[in-house]
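Please keep the sequence and the 3D view at hand while reading.

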Amino acid sequence: MDLSTAPSLQRLAMQSLLSNQSLAISALEDLPALLFPSLFLEAYATGLTEGLKAMVQAWPFYCLPLGDLETSPDLNIFKAVLDGLDLLLAKKERCSHCKLQVLNMRKEHPDIWTLGYPSMAKISYPTILMDGLTTSCHSWMMEKHPFTIAFDLTIRENSQDELQTYLLQWARARKERIQLCSRKLQIRSDCLSNILKALHVVRLDSIQELIVSNLSQERTMRQFAPYLGQMKNLHFFCISKVVIRLSTSRQLAWYSSKFGAFLGQLRHLQELHVHGVFFAFAKLSPIFSSLTTLQTLSWSSFPLQEEDLRFLIQCSCTKQLKHLRLRRLFMENFSPEPLRSLLEQVAGTLQTLALEDCHITDPQLLAILPILSQCSQLSFFSFFGNRISMASLQVLLSHTAQMSHLKRGIYPAPLESYRPGDWFLRNINPERFAQVRTGLAWLLRDMGLAQKIQICTQFCHVWNKCQLYRLAPDGFWVFTVENLPDLSALPS
């Protein structure tokens, strides 16, 4: 026998133990904790559901990280684990070395099952759930608490995940003994019954990241909104593609005011992303007036008014912004003063600035350039979709060249790349753009910016794609099609 391929003594012992399920169940109380991870993996891989039930009842660690397994459990395996929890919770006294407090279905420790005992023993309760939570939320974890299941929920339009559906039913029937925590909740369905089923079971103050999209029914929005104010530890909120037809401006103002009031209760909100949402068509003041300090603000796809920008300058929540995105907010007729004042307010803290598809013109750009140059911490700058000339683009590049922290910049193809009148159609003229690239190549090499600069010629918000040109070290332009930059994926 080749010694390099021979099974280890530990593996042989596990196979022997698991071959007799009744023996495995009776032997677990005396089994060293060192062997539990490997034994669980063996039972999991071979589908020994009775062995899994027994191991759950004797698990010697605070957390069972089921979500970190290389392959997700099928429904039968998942049911076996929950059946084991039922038996554990029904016991008046646990076995002496059982410490299990949390079933974690999230993917948080990718190598934990490979590393085995040393890594698993380091995970303690309640630190599994405390990351990012506030002091007020720590109290319910430190007190005598029900068993915790950590599962990031996603409510979809059509078919639901079978594990999630079963878990919600199972947890609803055991709400007095089980708390279901969802650090990230995604609502991508307009089905009110599915939304309420999840919100009635999940611990709302465990939610730190909330994504809501594709809602179209007024009834759904009215019933969902009050739950938002109960998500006291929410750090990240993204709401997009919410289009509801309202008959009067009074209804629109009501929604704007109500959502502002609920957002105002979120004292720990750091990131707010609002894209294509009907209530943003009202004035911004009711939405922002109650918010505390934000670090990230991303706002797009609604008719921004100049007075809205002036309000943002006065709003306390924008005083310390690190990341600001304004996209598809048409500003060609705006005075440059409100935008200049807003940038001046955040110049010392801003790390990301995206003014995309805002139809900003040469005079507006030149008016904000002195303030833009003061954004000394800027590491990412995106300016595609704006109507600027080659001369203004060159001036802009000369300013951003002085920013020592800037790692990436996305700029529009200048007006000289189009035939007269074609800019609004986004029809780049190949011959004209070739001449523009030649001129830019000399400029970028002289400034040493070639690796940091991309020129955007086309973009699509629906498909979230853009066409980019980058100057390679050999002097040739490289063409790529990429996703539109997302604030969460930008360089830090």
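A salt bridge is a side-chain nitrogen of Lys or Arg within 4 Å of a carboxyl oxygen of Asp or Glu. Asp-357 and Arg-426 form such a pair, with their closest N and O atoms 3.0 Å apart. The structure is a predicted model, in which local features need pLDDT of at least 70 and side-chain atom pairs count only at pLDDT 80 or more, while totals for chains, interfaces and linings use all residues. Residues are numbered from 1 along each chain as its sequence is written, and side-chain values use heavy atoms, with hydrogens and water left out.

**Salt bridges**

- A search of the whole structure finds 15 salt bridges.
- Asp-357 and Arg-426 form a salt bridge, and the pair links distant parts of the chain, 69 residues apart: Asp-357 is in the loop between S12 and helix H17 (362-372), and Arg-426 is in the loop between strand S14 (408-412) and helix H19 (430-447). Helices (H or I, at least four residues) and strands (E, at least two) are DSSP runs, numbered from the N terminus.
- Asp-357 and Arg-426 are both buried; buried means under 20% relative accessible area, exposed over 50%, and partly exposed in between (1.4 Å probe, protein chains only).
- In the salt bridge between Arg-327 and Glu-356, the closest N and O atoms are 2.7 Å apart. Arg-327 belongs to strand S11 (residues 323-327) and Glu-356 to strand S12 (residues 352-356), so this pair ties together parts that are 29 residues apart in sequence. Arg-327 and Glu-356 are buried.
- Glu-337 and Arg-340 form a salt bridge whose closest N and O atoms are 3.2 Å apart. Both residues lie in helix H16 (residues 337-346), 3 residues apart, or about one turn of the helix. An α-helix has 3.6 residues a turn, so residues three or four places apart point the same way.
- Glu-337 is partly exposed, at 35% relative accessible area, and Arg-340 is partly exposed at 23%.
- A network of salt bridges links Glu-50, Lys-53 and Asp-83.

**Nonpolar cores**

- The largest nonpolar core has 147 residues, of which Leu-103, Leu-210, Phe-288 and Trp-299 touch the most other members. A nonpolar core is a set of buried Ala, Val, Leu, Ile, Met, Phe, Trp, Tyr and Cys residues joined through side-chain atoms within 4.5 Å.
- Helix H5 (residues 75-90) gives the most to this core, contributing 7 residues.
- Apart from this core lies another, of 8 residues, including Ile-410, Cys-466, Leu-468 and Leu-484.
- Neighbours within four places in sequence aside, Leu-210 is in contact with Leu-185, Ile-187, Phe-224, Leu-228, Met-231, Leu-234, Phe-236, Phe-237 and Cys-238. Contact means heavy atoms within 4.5 Å.

**Helices H11 and H12**

- Leu-192, Ile-195, Leu-196, Ala-198, Leu-199 and Val-201 are the buried residues of helix H11 (residues 192-201).
- These buried residues of H11 pack against strand S4 (153-155), helix H10 (162-172), strand S5 (178-181), strand S6 (184-187) and H12.
- Thr-220 has its place in helix H12 (residues 218-228) and counts as buried, at 0% relative accessibility. Leaving aside neighbours within four places in sequence, Thr-220 is in contact with Asp-190, Leu-192, Ile-195 and Leu-215.

**Helix pairs**

- Helix H18 (residues 390-400) packs with H19 at an angle of about 15°, the axes being 11 Å apart. Axes are lines fitted to C-alpha atoms, for helices over the stretch in contact, and angles run from 0 to 180 degrees between N-to-C directions.
- H18 and H19 are therefore roughly parallel; angles under 35 degrees count as roughly parallel, over 145 as roughly antiparallel, 65 to 115 as roughly perpendicular and the rest as oblique.
- Residues of H18 that meet H19 include Met-390, Leu-393 and Leu-397, and those of H19 include Val-436, Leu-440 and Met-447.
- The axes of H16 and H17 come within 9 Å and cross at roughly 10°, which makes H16 roughly parallel to H17. Leu-339, Arg-340, Leu-343 and Glu-344 of H16 make this contact with Ala-367, Ile-368 and Ile-371 of H17.
- Helix H4 (residues 49-57) and H5 pack at about 40°, with their axes 8 Å apart, and H4 is thus oblique to H5.
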